[in-house]
Amino acid sequence: MNILPAEIAAELKEKGRAEKRDFDMVSILFTDFKEFTQASQQLSAKELVQEINTCFEAFDKICQKYGIEKKSKPLETPTWLRVSCLCQLKFQ
């Protein structure tokens with residue numbers, strides 16, 4: 001899976017660089033894994049990566065459910081704040 005928006009990836013392939021973009025309004029969601037340090041000390045590397053992968057797959061499903069673009073693209077709906085908050089609550 002490419003972590004870049006398709007538009008940016010295409011521009012990088014074509015030009016070798018991407019132009020900056022300005023947005024009037026954005027939301028940024030920071031996440032943290034509760035007790036990650038303790039888990040990393042108790043799990044094998046394989047188990048830890050599997051756990052992280054499970055979390056990111058869940059994040060992806062939640063973002064998809066709420067129409068949240070997690071790759072630097074603004075949510076272009078009048079209810080973006082409500083949708084963003086609902087998505088963040090589901091991450092808990």
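The buried residues of helix H4 pack against helix H3 (45-66). This is a predicted model. A search of the whole structure finds four salt bridges, and the count of aromatic pairs also comes to four.

**Helix H4**

- Helix H4 covers residues 80-91, and its twelve residues should span 16 Å at 1.5 Å a residue; the end C-alpha atoms lie 17 Å apart, which agrees.
- Val-83, Ser-84, Cys-87 and Phe-91 are the buried residues of H4.

**Aromatic pairs**

- A pair of aromatic rings is described by the distance of the centres and the angle of the planes.
- By this rule the structure has four aromatic pairs.
- The ring centres of Phe-33 and Phe-36 are 6.0 Å apart with the planes at 45 degrees, so this pair is tilted.
- Phe-33 and Phe-56 form an edge-to-face pair, with 5.9 Å from centre to centre and 70 degrees between the planes.
- That pair links distant parts of the chain, since Phe-33 lies in the loop between helix H1 (6-15) and helix H2 (36-42) and Phe-56 lies in helix H3, 23 residues apart.
- Phe-33 counts as partly exposed because its relative accessibility is 25%.
- Phe-36, at 33% relative accessibility, is partly exposed, and Phe-56, at 40%, is also partly exposed.
- Phe-33, Phe-36, Phe-56 and Phe-59 are linked by ring pairs into a cluster.

**Salt bridges**

- Side chains of opposite charge can pair when their charged atoms come close.
- Among the four salt bridges is one between Glu-7 and Arg-21, whose closest N and O atoms are 3.1 Å apart.
- This pair links distant parts of the chain: Glu-7 is in helix H1 and Arg-21 is in the loop between H1 and H2, 14 residues apart.
- Glu-7 counts as exposed at 54% relative accessibility, whereas Arg-21 counts as partly exposed at 30%.
- Glu-11 and Arg-21 also meet in a salt bridge, at 2.5 Å from N to O.
- Here too the pair links distant parts of the chain, with Glu-11 in helix H1 and Arg-21 in the loop between H1 and H2, ten residues apart.
- Glu-11 has a relative accessible area of 11%, so Glu-11 is buried.
- Salt bridges that share partners join Glu-7, Glu-11 and Arg-21 into one network.
- Lys-20 forms a salt bridge with Asp-22, with 2.8 Å between the closest N and O atoms, and both Lys-20 and Asp-22 are exposed.

Note on methods. Residues numbered from 1 in each chain as written. Predicted model: local features only at pLDDT ≥ 70, side-chain atom pairs only at ≥ 80, totals over all residues. Heavy atoms only, no water. Helix = DSSP H or I, 4+ residues; strand = E, 2+ residues; numbered from the N terminus. Expected span 1.5 Å × (residues − 1). Buried < 20%, exposed > 50% of the residue type's maximum accessible area, 1.4 Å probe, protein only. Contact = heavy atoms within 4.5 Å. Phe/Tyr/Trp six-rings, centres within 6.5 Å; stacked < 30°, edge-to-face > 60°. Salt bridge = Lys/Arg side-chain N within 4 Å of Asp/Glu carboxyl O.
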